[in-house]
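Please open the model in a viewer and keep the selection tool at hand.

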Amino acid sequence: MKQNAAQPASPAALALFGLRLTALVVIFLGGVILTQVAQIGSGAGFIVVGPRVFPTIVGVGILLLGVLFFLRVTAKPDQDLISEVTAEEAATDWTTILLTSLSLVVYASLLKPLGYALATGLFFPVVSRIFGSQRLRRDVFIGITLGLVIYLSFTRILGVRLPAGLLAGIL
Amino acid sequence: MNRKLNVFVSLALALAFVLAACAPASAPAEATYTYPTEGINIMAPAGAGGGWDGTARAMQPILASLSGQNVQVYNVAGAGGTVGLAQFVGEADGNPHELIVGGLVMIGAIQTNKSPVNLSQVTPIARLTAEAEAIVVPADSKYQTLQELMADFKADPTAISWGGGSAGGTDHILVGLIAKEVGVDPAKINYIAHSGGGEATAAILSGAVTAGVSGLSEFTDQVEAGTMRILAVSSEERLPGVEAPTIKEAGVNVALINWRAVFAPANLTPEQRDAVVALVQKMHDSPEWKAALEANGWADFFLAGDEFSTFMNEEVTRIEGVLRDIGLIQ
Amino acid sequence: MDVLTNLLNGFASALTPQYLLLAALGVTLGTAIGVLPGIGPALTVALLLPLTYKFDPTGALIMFAGIYYGGMYGGSTTSILLNTPGESASVATTFEGFAMAKSGRGGAALATAAIGSFVAGTISTLLLTFVAPVMAKFALLFQPADYFSLTVLAFISVTALVGKSLLRGLTSLFIGLFIGLIGIDVLTGQPRLTFGMPELLDGIDVVVVAVGLFAVGEALYVAAQIRHTKEEILPVKKGVWMTREEWQRSWPAWLRGTLIGFPFGALPAGGAEIPTFLSYTIEKRLSKYKEEWGKGAIEGVAGPEAANNAAFSGVLVPLLTLGLPTSATAAILLVAFQIYNLQPGPLLFQKSPELVWALIASLYIGNVMLLILNLPLIRIWIKILEIPRTLLYAGILVFGTLGVYSMANSFVDVMIMYAIGVLGFFMRRYGFPVGPTILGVILLPMAEAQFRRALSISQGDLSIFVTRPLSLALLLLAVGAVLLPYLPALIARIRRKPVQSGRIVFGDGQED
């Protein structure tokens, strides 16, 4: 989403770029849906409205809405929206979003191998740090407590399965 | 300082001891195969509250008390059991301590969902319970017997709408079998699928569909309340307490029973398989299982080991044939 | 009387120590989570869903109702003191509530919100008690054509009334429709839009969508700007109570709010946001103290808060009797029912009367508990607002992940939830309301299935939608809902007054 550092983009330019890209993504989604519709089987027996009808309507609808939105951010710009998004763009920290998303993926993939309690104990301070927390020791403490308390109360009291991971046999 | 270290060392030793005690005891060179040697996990490949879940949870305490091991039930819902089955085949291979509940519905779901795994990739242990299907109409319907309904069905098939459970499920299969038997073109079956028997019941009561098809237990409340009438049941013989003929008695040579069973993973040694069968047999013979059957209104339909395997293969062939006939499998 | 006997039985069951404890636990947890900024009742319920797996259905649903009510009470606290409504139904409260708090009258605002919620909650539960059984009998007559027209009414209400931009509102709705289509087609058993993933065969669970859109989406959105914003919590100086004059100004607003809230909630019109804004507008028009509006008029808090709570009891009517969820929260409550293999709909009152009546009785009880929790103990809840936001949102991510992971220990579910979270972030970022998305996910499966069933039954005859009186009436209501937003402009034109805006806009569409 970020443009080259060589040409420092103003929030307004970034906002407009983001909005146009959003419109293109919506159009693309419409296209993907329509190609997927072709793969839907037709079903059996007496059928008046088949299983493809609604997906087709939704696919075409999304495609058209995407095109309309594209026009609203290019040919006939919606100034309210653009200024609103520009204001947000100025305040948005894309690195935070990227790092948070990344740590979420890592968190989800560590749940099983490390176990719920450990993965959570690790994830919590990392994300707090990404969000700007400065007190690492406190965050680690809270994270581990949170992980352990949730793990034990869910598996022991509530009867919900959570992976024990490395701590299997200890917990 | 020194004392602290001592405490630490003794704690570590204690921990090591506990860990060692927890590790599965290796049992080399034993003459007879003992089973189970660890906790048993039963997968119910459906959400909580359904028939498979109920079966698994009825087995749980009995197996636990018989084996002296911890028995756990877990649910992996999805797509007529095929999501759970795929996970089971992938993860439990060769482990006799993993079991899965399943049944007739799975056969159809495997085919219609183009499931990558099927029932040949698990070891059949035993068939446990069964439930007959019922064909019902709302109380104010003009149809008094199945024969009358069949006459109209043959005359103008699409005018008769059948309300029942999921597409390709037991209810749908029964309608397909009936259509085939009375010579109605499968492309003219006006089957209105619902997400479950409860939703179908509401549709039947509102008078939207001509007739309803689902498991007998879905309709018993309504029949007792006098808002529905059973035209026929799908069992081979009349059922106690149900004032309705079988479909066969009503002149259509069709019978279908929705059975539920338990399976183990593939690649078990013969000893392992026999041990699991023996444990389930013991469970079936216990008074607790009889009580569970009664509490849930399930009919005993027990068949174990090789005989069950044969039965299952026949069912797979028959059901796949029907599904192909009604066009659900191309 | 039949209803009274049932209700008394319900109370007998709900007043057992075990259920009382669950209700108390529910309202406490609900308030604690609901008071967190950015978390509305829908999310509160979604996050706390796994807590109830162990309980019997009655206990679990009693706890849920408590969580929901608690979430609403907690939400009003955040709206008043922090100006951050956790859901769009609380937006109207912020206008006057935050103004009151700024002028040092936060205590009175909190009091009128809490007492108003109690009054509205109790009266509307009373209405629910008598309306729901009648409705349940009536609902037995609903055929697929009628259900379809009902969903049309719901869709129209949502898209016509919500959001600043119709284009973006519709896009959001269609994205929701797309998500709702994923999975096996109920009618033919064909997999649709599953991209070859077996995990998608059963569709995307509404809990996954709700947690993704609301919890993760919101957390990412706040995180993106976390270094640039400062929130101040306004102190509550005087006690949480009202003067005689404030009482006199509050109670008519409570009653009007209740009378607006309940029927709007009961109609399939997307829950509580419309009645809260309607109540706000009406109170402003009727007020004798017009000069106070914008500076903290107590009616502007009393009315919308009452409407908000009354709407919830209203929402329960179609949910329990027709199985139709009209808001995100109702959809998650529906999931809770389905976890226990209970199908809300015309037959619920017949099949599980004990459960339904214990649930209704617990609504009365929960209201009393919340009044106690919120008046004397309000300071404790305000403390929760002081948790640093870095930890708060890290915690929301942990609990959101837990809520989805604990359903089936599925990595794929969690990843789908995160993906929807990223979608929710970008939607917030570029001004797309997320409310219509969730309603699309919820309503589409029902609308599509019933439309196709109706036409199968009629053998292709489209007139079935207008020849059935019930269906026709619902469709006419839908036409009315399309015209409603233009009504003020129309009236103004008739009165030859200058037109202020073409169309009323209700909320910002950030439903729940």
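**Chain C as a whole**

Begin by selecting chain C, which contains 22 helices and two strands. The model is a predicted one. Chain C comprises 512 residues, and 68% of them count as buried. Consider next its contacts between residues at least 6 apart in sequence: 81% of these join residues at least 24 apart.

**The contact between chains A and C**

Now display chain A together with chain C. The contact draws 60 residues from chain A and 53 residues from chain C. On the side of chain A that touches chain C, the elements giving two or more residues are helices H1 (11–37), H2 (53–72), H3 (79–91), H4 (94–114), H5 (116–131) and H6 (136–158) of chain A.

**The largest nonpolar core**

Proceed to the largest nonpolar core, which has 332 residues. Within this core, C:Ala210 and C:Ile332 have the most contacts. Select helix H9 of chain C, residues 206–224, which gives the most to the core, with 16 residues.

Finally, centre the view on C:Ala210. Which residues does C:Ala210 touch, leaving aside those up to four places away in sequence? They are C:Ala42, C:Leu43, C:Ala46, C:Ala328, C:Ile332 and C:Ile438.

Conventions:
Residues are numbered from 1 along each chain as its sequence is written. Chains are lettered from A and ligands numbered from 1 in the order in which they are written. This is a predicted model: local features need pLDDT of at least 70, side-chain atom pairs count only at pLDDT 80 or more; totals for chains, interfaces and linings use all residues. Helices (H or I, at least four residues) and strands (E, at least two) are DSSP runs, numbered from the N terminus. A residue is buried if 20 or more other C-beta atoms lie within 10 Å of its own, exposed if 12 or fewer, and partly exposed in between; C-beta atoms are placed from the backbone. Two residues are in contact if their C-beta atoms, placed from the backbone, lie within 7 Å. A nonpolar core is a set of buried Ala, Val, Leu, Ile, Met, Phe, Trp, Tyr and Cys residues joined through C-beta atoms within 7 Å.
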